[in-house]
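Here is a short briefing to read with the model open beside you. Take it topic by topic, and find each residue in the viewer as you go.

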Amino acid sequence: MAEKQQNKITIGRKERTTQNILRTSIRMFLEQGFNSTKVTAIIKESGCSISSFQNIFGTKEGLLLSLAEIMFSNQFELARSLGGQNLSPVFVCAAESSIQLTLTELNENLREAYVAAYSNEKSADYIYKKTAI
């Protein structure tokens, strides 16, 4: 019984740390740009330990993949919800592209994050698989 409670506490702590790092990194990427933001600065600003960051994301590219999954899944859901259930795949692709173009025009640092996501092999693979018609 005590072991189950400890597991719940550990999972809760990991989830809070993950969310804190994600929020911090998003803010810093928008303010400073993806390329200019260092992992050490994210760790310091989020108040987590280096080992926690590495256990959760591994590297900055792992963090980028997690952010891409969140960012793109929300966009894909929005694009698919625009026209109901029976959308043409071409319409969904056009809606997804329009959303991405609009967002990248809003902020130069956000554009840099998109370029990084499409340039990184793992996050690009995720994006391509999710947008495949």
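The protein chain has 7 helices and 0 strands, where helices (H or I, at least four residues) and strands (E, at least two) are DSSP runs numbered from the N terminus. Please keep in mind that this is a predicted model: local features need pLDDT of at least 70, side-chain atom pairs count only at pLDDT 80 or more, and totals for chains, interfaces and linings use all residues. Residues are numbered from 1 along each chain as its sequence is written, and side-chain values use heavy atoms, with hydrogens and water left out.

**Overall layout**

- Along the sequence, the pattern reads α-α-α-α-α-α-α.
- Of the 133 residues in the protein chain, 32% are buried; buried means under 20% relative accessible area, exposed means over 50%, and partly exposed is in between (1.4 Å probe, protein chains only).
- The accessible surface of the protein chain is about 8,500 Å², and 55% of that surface belongs to carbon and sulfur atoms. Such areas come from the Shrake-Rupley method with a 1.4 Å probe, and for residues only the protein chains shown count as cover.
- Among contacts in the protein chain with a separation of 6 or more, 59% are between residues 24 or more positions apart; a contact means heavy atoms within 4.5 Å.

**The nonpolar core**

- In soluble globular proteins, nonpolar side chains tend to be buried together.
- The largest nonpolar core here has 22 residues, and those with the most contacts inside it are I21, F53, L63 and F72. A core of this kind is a set of buried Ala, Val, Leu, Ile, Met, Phe, Trp, Tyr and Cys residues joined through side-chain atoms within 4.5 Å.
- Which helices each supply at least two residues of this core? They are α1 (2–32), α2 (39–46), α4, α6 (108–119) and α7 (121–131).
- Helix α4 gives the largest share of this core, 6 residues.
- F72 is in contact with Q100, Y114, A117, Y118, Y126 and I127, leaving aside its neighbours within four places in sequence.

**Aromatic pairs**

- The structure holds 3 aromatic pairs. One of them joins F53 and F57, and this pair is tilted, at 5.5 Å centre to centre with 50 degrees between the planes.
- Rings of Phe, Tyr and Trp (its six-membered ring) pair if their centres lie within 6.5 Å; planes under 30 degrees apart count as stacked, over 60 as edge-to-face and the rest as tilted.
- F53 counts as buried because its relative accessibility is 2%, and F57 is buried too, at 9%.

- S123 is in helix α7, and it is buried because its relative accessible area is 0%.
- Not counting residues up to four places away in sequence, S123 touches L64, L65, A68, A116 and A117.
- T104 lies in helix α5 (residues 89–106) and counts as buried at 10% relative accessibility.
- T104 touches R111 and Y114, again not counting residues up to four places away in sequence. From T104 to Y114 is 10 residues in sequence and 7.4 Å in space, C-alpha to C-alpha.

**Salt bridges**

- A search of the whole structure finds 5 salt bridges, each being a side-chain nitrogen of Lys or Arg within 4 Å of a carboxyl oxygen of Asp or Glu.
- R27, E31 and E45 are linked in a network of salt bridges.
- The E45–R27 pair links distant parts of the chain, with E45 in helix α2 and R27 in helix α1, 18 residues apart.
- E31 and R27 both lie in helix α1, 4 residues apart, about one turn of the helix.
- E31 is exposed at 52% relative accessible area, whereas R27 is partly exposed at 34% and E45 is partly exposed at 47%.
- R111 forms a salt bridge with E108, the closest N and O atoms being 2.3 Å apart. These two are separated by about one helical turn because they are 3 residues apart in helix α6.
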